[in-house]
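Please read the points below alongside the model.

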Amino acid sequence: MTTELSPADKAKFVAAKRAVEFVESGMRVGLGTGSTAAWMVRLLGQRVREEGLKIVGVATSSQTAALAGREGIEVVSLDEARWLDLTIDGADEFDPDLNLIKGGGGALLREKIVATASDQMIVITDASKEVAHLGAFPLPVEVIPFGWQTSKALIEEMLVSLDVMGREVSLRMNGEAPFVTDEGNRILDLRLGRIGNPHQMAMVLNQVPGVVENGLFMDICDRVIVGHGDGRVETRDIHSGEVETRLFDFEEPDNLFADLGR
Ligand code: 5RP
């Protein structure tokens, strides 16, 4: 029996399904983090098991590494892989130039390193993540634990001279305790409303002592694949300007969603 997916999950699923078609045997693939990326890892695992697809994956989080391992994907470190053919990841926002805000799941540091070490980055998403201007989603900034309050104060001071609508900065929590990244760091979420100059913001944030990385991914994404709940998938290529539209059928073999839903 087919497991019923919500429209949001269907959108993520079809975006992931289109994305894994770009993966070929022999590739070294960066594996993103988040609920959309998790569909992609499961679908890649299915291709590995059923088609004998030969790939190695570099995971952007411990969570993704565990899922990929369970799916039968060989996971290696970035240092072992050195350079990747393709990274597929989700995003929290994307703009018309395919610049992104990422880090909603707290994996932005590894995600940016992995995406930057790839020939191509494909972002998979649903239509709700598309914005005219970045900034409605709180911008995650990873800081080291030592003196994080000083880093926060320095960021707040810096924001005064930047073109933003809001300036609220908060420490991300996980229940009662601070959220801790895979690298043992903290995340500050910057509620900016609208970022006037994201390139400038990305550069100046990384000048603040204690800041390790920020969630603005500028000029890194090559393609965005936008899934819809009715099975439509739009693939936009920033270099060629081409937009492809496909329709995926949900009448899949009985075991597909059941397998993927675990
Ligand atoms: C994790 C991320 C994710 O890609 C982003 O938060 C989107 O997640 P989801 O696919 O669950 O909406 O940047 O750090």
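**Notes on the ligand site and the aromatic rings**

1. A backbone N or O atom of Gly103 lies 2.8 Å from an oxygen atom of the ligand, a polar contact in the sense of a pair of N or O atoms within 3.5 Å. The protein covers 90% of the 380 Å² of accessible area that the ligand has on its own (Shrake-Rupley method, 1.4 Å probe).

2. Please keep in mind that this is a predicted model, in which local features need pLDDT of at least 70 and side-chain atom pairs count only at pLDDT 80 or more, while totals for chains, interfaces and linings use all residues. Residues are numbered from 1 along each chain as its sequence is written, and side-chain values use heavy atoms, with hydrogens and water left out.

3. A search of the whole structure finds one aromatic pair (ring centres within 6.5 Å; planes under 30 degrees apart are stacked, over 60 edge-to-face, the rest tilted; for Trp the six-membered ring is used). The centres of Phe13 and Trp39 are 5.5 Å apart and their planes stand at 85°, so the pair is edge-to-face. Both Phe13 and Trp39 are buried (under 20% relative accessible area, 1.4 Å probe, protein chains only).

4. The charged end of Arg42 sits over the ring of Trp39, 5.2 Å from its centre (CZ of Arg or NZ of Lys within 6 Å of the ring centre and within 35 degrees of the ring normal).

Technical notes:
A polar contact is a pair of N or O atoms within 3.5 Å; within protein, one must be able to donate a hydrogen and the other to accept it, and residues adjacent in sequence count only if both atoms are side-chain atoms. Buried means under 20% relative accessible area, exposed over 50%, partly exposed in between (1.4 Å probe, protein chains only).
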